Amino acid sequence: MTCDSCVQSVKQALAPFGDTIESLEIKLDTRQVVVSGSVSTSDIVRAIRAAGLRVAVAGKSSSGSHLGSAVAQFVGPQVKGVIFFTQVTDEDCLIDVTLDGLQENEEYLLALHQWGDMSENFKRVGNVLSDEKGEYGRIGTLSLTNTTGKLNKTVSANVDFLYGRSACLHNKDSIVAAAMVVRSAGVFQNTKRICACDGTSIWEAQSTI
C-alpha cells in the first residue's frame, strides 16, 4: 500500500461488508489498515488480497485487550516463509501461511506437532496435536502458485497453547521443513517486526517469499 490508489482499492474491497464494519482507518504512511466491527479477520484478509494487495495480519484486540499472536519463520535452505497465528476470538485462531521453495505438482500438508525440538531431522517433534475429537493440528494442504504455497484458515485453537510447538510441512510420508511457533507482538505493538528476536519486517516477508 503505497499511494492514494491503494487506499481507494482497500475502501472498495471492504465496501461490500457494509454495516459490519463500524470504522475503517487507513494509514498510508505506516501502511496500516485498522478495522473495527463484527466482520471476521479472515474475510477482511481475503477481500484485500482479492484487490491485488499484500496483507499481513498484525493482530487483533477485543474490548481493548490483545487476544494473542504468534509466528513461525521458515529460514531454508529450501523452504522459506512465514506463518502468522492471530487469536481472533476466544475459541478461534486465524492461520496465515506463505511458503516459498515448494515443488510444483507436489501436495504439502501443514501440521502442528507437540514439540519444538527439530533435531535429528525432525524426529523429535512428536505427534500431530490431537484431542478426543481427532488431530486438530492438521491445518490443511497448501495451494500452490508456481513454487509458492499459500493457506489462510481459521481453526479452533488457542494461540497460548501453541507457543513452543513446531509447525511442520509434510510431503508424502516425511517432514521436509519445520519451524518453532514463538510469541509475536500484540496489535500494533511492533508492527514492522515478525517477532522480537528477528529483524525481518512483515512486508519483507511478504515480498521476498
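In the hairpin of strand 5 and strand 6, which residue takes a positive phi, and how many residues lie between the strands?

Modeller: Happy to walk you through that. This is a predicted model, in which local features need pLDDT of at least 70, side-chain atom pairs count only at pLDDT 80 or more, and totals for chains, interfaces and linings use all residues. Residues are numbered from 1 along each chain as its sequence is written, and side-chain values use heavy atoms, with hydrogens and water left out.

The residue you want is Gly76, with a positive phi near 100°, and four residues lie between the two strands of the hairpin. Strands here are DSSP runs (E, at least two residues), numbered from the N terminus. Two of them count as paired if DSSP finds at least two bridges between them.

Strand 5 covers residues 69-75, and five of its seven residues are buried (under 20% relative accessible area with a 1.4 Å probe, protein chains only). On one pairing, strand 5 runs antiparallel to strand 6 (residues 80-87), joined by seven bridges. Within that pairing, Val71 has Phe84 of strand 6 as its bridge partner.

Strand 5 also pairs with strand 14 (residues 182-183), again antiparallel, through two bridges. There, Ala70 is placed opposite Arg183 of strand 14. As background, strands of a sheet pair through backbone hydrogen bonds, either parallel or antiparallel.

So much for the hairpin: its turn holds Gly76 with the positive phi, and strand 5, mostly covered, is bridged to strand 6 and to strand 14.

Methods. Buried < 20%, exposed > 50% of the residue type's maximum accessible area, 1.4 Å probe, protein only.
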